[in-house]
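User: I am new to this structure and would like to learn how to read its strands and helices. Could you take me through them one feature at a time?

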Amino acid sequence: MVSFERRVLSNGLRVLVHEDPHTPLAAVNVAYLVGSRDEHPERTGFAHLFEHLMFSGSRNAPQFDDVLQHAGGENNAYTTNDYTTFYEILPAQNVETALFLESDRMLDLRITRRALDTQRRVVVEEFKETCLSEPYGDAFHHLSDLLFQKHPYRWPVIGLRPEHILEATLEEVRAFYRRWYTPNNAVLSICGPLKAEEGFALAERWFGSIPPGLPPERALPAEPPQTEPRERWIAADVPVPAVFMAFRTPPRLHPDFYAADLLCDVLTLGQSSRLYRRLVKEQPMLISVDASTTANFDPGMLLIEAKLSGKYPLQEVIDALWTVLEELATAPIGERELAKIRHRFESTVIYSETSVLNKAQYLGFYELLQRAELLNEEPAIYEQVSAEDMQRVARHLFRRENAAVLVYRPRPIARAVAR
């Protein structure tokens with residue numbers, strides 16, 4: 001249980017404070033409700049670009065990292081399809097340093113030509129390294145394109161292509177900042193050894209005078225139902241063959257999301273999980289397998305990633321994967337298996353709540369998602385998922401007309417011809 005208090009400032013900034021008297025550290029988290037789904041199709045990658053630009057200097061803090069390091073702090077950020085998070089962790093007595101830095105870049109980020117050119121080079125280099133040079137690095141480009149035709153989830157967080165960032169004008173970038181990085185589109189969470197009233201007073205001091213932006217408006221196109229299987233085979237410079245299977249899932253707040261999330265554990269969590277036991281241990285078709293959900297605010301995907309041993313034909317492995325998935329739709333999940341999964345989930349929740357930084361991030365996420373109280377309510381929701389619920393959701397998810405299958409085949413190595 002993570003206790004907290006909430007207050008909304010006059011400019012619309014939602015402030016959540018969690019008192020943890022058992023730590024000498026404080027965590028500050030600012031979550032903005034902007035992600036890759038909010039980008040123009042010809043200017044993808046902007047949210048990820050701002051993950052970098054927000055550290056390039058603001059009106060009163062031209063060197064963000066230097067100021068924080070002098071206060072003994074660390075920071076980082078990450079971007080998703082739906083939101084962007086910036087966070088700091090530092091000695092509690094220096095918490096105002098983090099609040100000053102976050103408020104200054106919310107108020108007046110200095111987006112200069114030089115800063116933009118520097119950060120776009122960083123982003124483009126990251127695109128090349130992670131998507132073009134890394135084995136399977138373009139998987140999300142292909143899967144997003146296969147699974148989504150209309151919704152902006154059809155491009156990955158890093159962007160569709162580097163040219164969208166390279167060709168962006170300074171005014172386009174500044175306009176994106178003015179639209180989304182405003183107090184009324186953000187959640188500030190503060191966790192550490194401070195009282196709620198103290199946290200609210202600090203939030204008012206540093207953020208209260210920042211003017212709100214226009215109310216963010218979204219008109220995202222709904223993704224039409226998928227009616228046929230989608231498949232793509234690629235020859236690439238990869239060490240072993242791989243199969244990625246993606247299935248359209250309900251949005252994060254849909255009641256069936258919880259069953260879909262637990263199905264990932266049934267399939268690949270631990271050596272007794274279904275896919276690992278059947279296709280890694282008993283019949284060595286795979287060398288590794290993993291399953292996860294993207295947990296998107298809008299309908300997202302459940303992803304299965306399998307690296308192949310190379311001992312069996314590719315199509316035979318794909319058929320074997322389908323066999324295990326389709327069994328979930330017809331054979332009930334035993335109570336012992338379900339209890340094991342629930343126990344692992346409870347252990348994960350308890351462990352995650354021991355970190356002051358994790359608590360700050362979870363509070364921000366759940367407040368953006370709907371309301372932060374859901375953080376404490378979800379363990380009971382997961383506990384109520386029945387074996388029948390999971391079988392029903394599996395029957396709906398694991399249909400071939402609901403799937404996108406991406407297959408990587410190693411490209412033949414060219415051999416030099418002796419003369």
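User: Which residues point one way from S6, and which the other way?

Analyst: In this predicted model, Ala-186, Leu-188, Ile-190 and Gly-192 point one way from S6, while Val-187, Ser-189 and Cys-191 point the other way. Residues on both sides are buried. Strand S6 covers residues 186–192, and seven of its seven residues are buried, so the rest of the structure largely encloses it.

User: How many bridges join S2 to S6?

Analyst: Strand S2 (residues 14–19) runs parallel to S6, and six bridges join them. His-18 stands opposite Cys-191 in S6. Strand S3 (residues 25–32) also pairs with S6, in the antiparallel sense and over six bridges. There, Ala-27 has Cys-191 of S6 as its bridge partner.

User: What is the strand order in the open sheet of five strands?

Analyst: The order is S7-S11-S8-S10-S9, and the pairing is mixed. S7 (230–236) and S9 (286–293) are the edge strands; each has a single partner strand, so one side of each has no neighbour in the sheet. From one strand to the next, the twist averages 10 degrees.

User: How is S8 placed, buried or exposed?

Analyst: Seven of the seven residues of S8 are buried, so this strand is largely enclosed by the rest of the structure. Ala-242, Phe-244, Ala-246 and Arg-248 point one way, and Val-243, Met-245 and Phe-247 the other way. S8 pairs with S10 in the antiparallel sense over seven bridges, and Ala-246 has Leu-303 in S10 as its bridge partner. S8 also pairs with S11 in the antiparallel sense, over six bridges; Phe-247 has Ala-403 in S11 as its bridge partner.

User: In what sense do S9 and S10 pair?

Analyst: S9 and S10 (residues 301–308) pair in the antiparallel sense, over seven bridges. Asp-290 stands opposite Glu-305 in S10. Helix H10 (residues 274–282) packs on the sheet and touches S9 and S10, with its direction at about 165 degrees to that of S9.

User: Which strands does H5 lie across?

Analyst: Helix H5 (residues 139–147) lies across S7, S8 (242–248), S10 and S11 (403–410), and runs at about 150 degrees to S11. Seven of the nine residues of H5 are buried, so the rest of the structure largely encloses this helix. The buried ones are Ala-139, His-141, His-142, Leu-143, Ser-144, Leu-146 and Leu-147. They pack against helix H4 (113–133) as well as S7, S8, S10 and S11.

User: How should I read a pair of packed helices?

Analyst: The general idea is that two packed helices are described by the angle between their axes and the distance between the axes. Here, H10 and H11 (residues 314–330) pack at an angle of about 150 degrees, with axes 11 Å apart. That makes H10 roughly antiparallel to H11. Their crossing is right-handed.

User: Which residues in H10 and H11 meet?

Analyst: An α-helix has 3.6 residues a turn, so residues three or four places apart point the same way. From H10, Arg-274, Leu-275, Arg-278 and Leu-279 take part. They meet Ala-320, Leu-321, Thr-323, Val-324, Glu-327 and Leu-328 in H11. By class, this contact of H10 with H11 has six nonpolar, one polar and three charged residues.

Technical notes:
Residues numbered from 1 in each chain as written. Predicted model: local features only at pLDDT ≥ 70, side-chain atom pairs only at ≥ 80, totals over all residues. Heavy atoms only, no water. Pairing = 2+ DSSP bridges. Helix = DSSP H or I, 4+ residues; strand = E, 2+ residues; numbered from the N terminus. Axes fitted to C-alpha atoms, helices over the stretch in contact; angles between N-to-C directions. Contact = heavy atoms within 4.5 Å. Buried < 20%, exposed > 50% of the residue type's maximum accessible area, 1.4 Å probe, protein only. Parallel < 35°, antiparallel > 145°, perpendicular 65-115°, else oblique. Left-handed = near helix turned anticlockwise from the far one by under 90°. Nonpolar A, V, L, I, M, F, W, Y, C, P; charged D, E, K, R; others polar.
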